[in-house]
Amino acid sequence: MKVNKRLYLILGLVCLLNLAAHLYFYPQMPEVIPIHWGSDGAVDGYGPRWMMLVLAVLPLACLTLFALVPKMDPKGANYEKFRPLWQGFIIAITLLMAAVSWLTEAEVFGLLPRQGRLPGLLVGGPIGVMFILLGNYMPRVRQNYTFGIKTPWTLADEVVWQRTHRVGGLVFVLMGAAIFLNAVFPMASTGGIIGGIVILGVAVMYLYSYLLYKKRHPGGEK
């Protein structure tokens with residue numbers, strides 16, 4: 001897959017500016033900073049100040065990994081077949097991670113309400129929308145070893161891959177809707193609900209791909 005140098009240059013500059021801005025505010029931060037918020041919007045987890053720099057570096061680290069993935073993947077040529085989806089995913093993840101990295105400063109400087117659903121909405125809302133959009137485009141993903149629903153059975157049989165991704169698209173839409181609704185009407189912490197929903201969704205897709213493969217290969221042959 002040919003690398004879109006312009007895209008990576010623009011996103012790389014965004015990541016570097018994001019990191020530089022965090023470094024500017026770093027001396028003004030307390031030694032212990034908020035890093036987790038409950039479903040009521042109140043801080044319920046703290047960590048050392050250096051953790052804000054870890055969050056600030058993550059978008060750039062992930063962007064670098066995204067640039068290398070198609071080159072490292074044995075089926076990297078297939079990325080060209082779903083280039084718009086792959087690039088849209090990279091843009092969404094990079095910008096979301098950069099935005100979320102500012103929640104700590106917003107809390108420290110009193111920009112977030114002490115009670116309310118705003119932190120969960122700012123995180124869970126975009127993630128839910130991203131899952132819904134990803135689900136709609138999931139059937140377009142072609143076989144590869146990095147991006148998509150990768151099980152031993154989808155990688156062994158291209159038909160299983162395609163059918164699992166059609167079902168997986170619906171699962172992603174449902175997961176996204178559940179995450180978004182929890183962000184708007186919080187019943188549990190954003191991290192907890194996202195983790196639980198993703199685990200359930202992965203289990204469904206994993207089981208589906210296994211059963212479909214066994215149906216197509218009852219004797220175990222490939």
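**View 1. Helix H7 and its length in a predicted model.** Helix H7, which covers residues 158-184 and so has 27 residues, should span 39 Å at 1.5 Å a residue, and this agrees with the 38 Å that lies between its end C-alpha atoms. The expected span is taken as 1.5 Å times one less than the number of residues in the helix, while helices themselves (H or I, at least four residues) and strands (E, at least two) are DSSP runs numbered from the N terminus. The model is predicted, so that local features need pLDDT of at least 70 and side-chain atom pairs count only at pLDDT 80 or more, whereas totals for chains, interfaces and linings use all residues. Residues are numbered from 1 along each chain as its sequence is written, and side-chain values use heavy atoms, with hydrogens and water left out.

**View 2. The start of H7.** Here a side-chain oxygen of Asp-157 comes to within 2.8 Å of the backbone nitrogen of Val-159.

**View 3. Gly-176 within H7.** Gly-176 is found in helix H7 and counts as buried because its relative accessibility is 0%; buried means under 20% relative accessible area, exposed over 50%, and partly exposed in between, with a 1.4 Å probe and protein chains only. When neighbours within four places in sequence are left aside, Gly-176 is in contact (heavy atoms within 4.5 Å) with Gly-128, Phe-131 and Ile-132. The C-alpha atom of Tyr-46, 130 residues away along the chain, is separated from that of Gly-176 by 28 Å.

**View 4. Helix H3 and the helices around its buried residues.** Helix H3 (residues 83-100) has 18 residues, and the 26 Å from its first C-alpha to its last is close to the 26 Å expected at 1.5 Å a residue. Its buried residues include Trp-86, Phe-89, Ile-90 and Ile-93, together with Arg-83 and Gln-87. The buried residues of H3 pack against helix H1 (5-25), helix H2 (51-72) and helix H5 (118-137).

**View 5. The protein chain as the setting for these close-ups.** The protein chain has eight helices and two strands, which follow the pattern α-β-β-α-α-α-α-α-α-α when read along the sequence. Its C-alpha trace spans about 65 × 40 × 25 Å along the principal axes, and buried residues make up 41% of the 222 residues. Among contacts between residues at least 6 apart in sequence, 70% join residues at least 24 apart.

Definitions and conventions:
Polar contact = N/O pair within 3.5 Å; in protein donor to acceptor, adjacent residues only side chain to side chain.
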